[in-house]
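Hi everyone, thanks for coming. I'd like to walk you through a few spots in one protein model, so let's get it up on the screen.

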Amino acid sequence: MLTAESSRFAHALQNLKLLALSFFFLPLDTFILFFSYAIRILVAFPATSHRARVRSTYTRYFEPRTVLVTGVGMTKGLVLARLFFIAGHNVIGADFEPPFLPITCGHMSRSIKAFHRLAKPDGTREGSARYCQSILDIVRKEKADLWVSCSGVASAVEDGQAKEMIELLTKCKAVQYNVATTQKLHEKHSFTEYTKSLGLTVPETHTITSKTAALRVLEDVRPSGKKFIMKFIGTDDSVRGDMTLLPFDSASATKAHISRLQISESRPWILQQFIDGPEYCTHALVVRGEVKAFTACPSAELLMHYEALPPDSSLSRNMLRFTQEYAASDPENFTGHLSFDFLVDRKEAERARRDPNMVVTLYPIECNPRAHTAVALFNSTPEMIEKGYMSLLEEPTTPKEEGTNGASYTPPVYPHQPGKYYWIGHDLTTCVILPVLSLLKIHGNSFGEAFEHFGTFLEHLFLWRDGTYEIWDPLPAWWLYHVYWPFQFAKSLVTDFRWSRINVSTTKMFGC
């Protein structure tokens, strides 16, 4: 992995190699594209058949709505656009895109009736206003009934501003939290404080605004043997992947590590207790404080493989219960996507896998008040649209059942046949190309390790599903690997933008 200290030549070579890789696979991928189109003519797929059935004149009481989905360049936005399309609605897509350069893969989706470019927020008040106004203009022009926000972390607060503006000035409803709720959940320190106020368990957490304060806390906890991780409260790609356990055995080593970090009143961090155990993530749709759809899956720092936990498993049920308590804490202001990252003590997680009724202690370490890529697990669950999203446009009619804690709730929709998801561009690089190149190094991977990686790739290729490719809608996947990413790599070459990792599913490049 390259760093900020790596040479300019190394970064340029990295971009050139990936450009060459895209060019190398262009003929094969183009063949797959046209083969998919040919199959589509001959075969009726469940997705398009479902849309034809619900929009048929023989279907009673169905009213197609106009739905604006922002963030269709990312997997989560594209998945939801396709689901609304399958459910019979008219989908308007929007995302950030250079003028006259249609590089966004969702722009090319069959599910999109019209696509609009959004003004990108730049951190200024004027930039935020332009962004919100661009969404409002689309809502008015397309007469949208529903806005489903699938934007990324960079526009989290602006999406809250847009929600307030849209619902004030139009009849359109927004699947998005207001500004106050978004800020409370988005910021790590305020999320932790709010979670504590609800009486829910949180890891020991300290807000840090100086290096002296960080060292003092770490010295105080040294006798307990606890370990902590320093996390920047805001967004900084260069430190996002730093999972260093503190304090070190040596006080001087701890001081040296802390001294390298930029900590101040205007750039606060948190020290959060490290829990030794597996990490899990969730994705939920919340409407007026009710969890309408839910899934949970194993997680990782750079999550590129998704496999849903069984809904009746102890871990899944405990995470659902946590999410329901959270959503019910402020029903008036809880409408949107809600995702948590949890840590579970390793021994407790092992017992929970054997006992489906076990109460598990969850340690929430982060909240994302926006859609999670785990929504891809709902690919075959179009009923999530009517039972979940469309309930925002009318009063809920689903009968309520008694929850385990005595409170009533609407049973959420879980993914049907969720499958397992990966991204072939990521796996081809990490499971085939890099292990093969490592064999050429003196201290690289062994043949056994390389074959293990290759076996993983073959398993994913034949038994898992790609998060972007759909045989009835193949162009977005082709566009992602042969237009979007080549454009980004070429742009990085020209501007000397230095990145260490990329996330294929969210189309994000992590700067050094």
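Before we start, one term: two strands count as paired if DSSP finds at least two bridges between them. And keep in mind that what you see here is a predicted model.

Let's zoom in on one pair. β6 and β8, which is residues 269-273, are joined by four bridges in the antiparallel sense. So who faces Thr207 over in β8? That's Ile270.

Next up, a pocket. Rolling a probe the size of a water molecule over the atoms shows where empty space is left. The second largest pocket here has a volume of about 1,600 Å³. Its lining takes in 47 residues, and nearest the centre are Leu18, Leu21, Gly425, Leu428 and Thr429. Which element gives the most to that lining? It's α1, with 12 residues. Among the others that supply at least two residues each are α14 (424-439), α15 (447-463) and α16 (475-495). By type, the lining splits into 31 nonpolar residues, nine polar and seven charged.

The peptide bond from Leu246 to Pro247 is cis, with omega near 0°. You'll find Pro247 in the loop between α9 (237-240) and α10 (251-259).

Gln417 has phi near 45°, and it's in the loop between β15 (408-409) and β16 (420-422). Is Gln417 buried or exposed? Its relative accessible area is 68%, so it's exposed, since the cut-off for exposed is over 50%.

Asp496 has a phi of about 60° and lies in the loop between α16 and β18. Asp496 comes in at 28% relative accessibility, so it counts as partly exposed.

How values were computed: Residues are numbered from 1 along each chain as its sequence is written. This is a predicted model: local features need pLDDT of at least 70, side-chain atom pairs count only at pLDDT 80 or more; totals for chains, interfaces and linings use all residues. Side-chain values use heavy atoms; hydrogens and water are left out. On a 1 Å grid over the protein atoms alone, a cavity is a set of points where a 1.4 Å probe fits but cannot get out, and a pocket is an open set with protein on both sides within 12 Å along at least five of seven lines; lining residues have an atom within 4 Å of a point. Grid points are joined across faces, edges and corners, and a volume is the space filled by probe spheres set on the points. Ala, Val, Leu, Ile, Met, Phe, Trp, Tyr, Cys and Pro count as nonpolar, Asp, Glu, Lys and Arg as charged, and the others, Gly among them, as polar. Buried means under 20% relative accessible area, exposed over 50%, partly exposed in between (1.4 Å probe, protein chains only).
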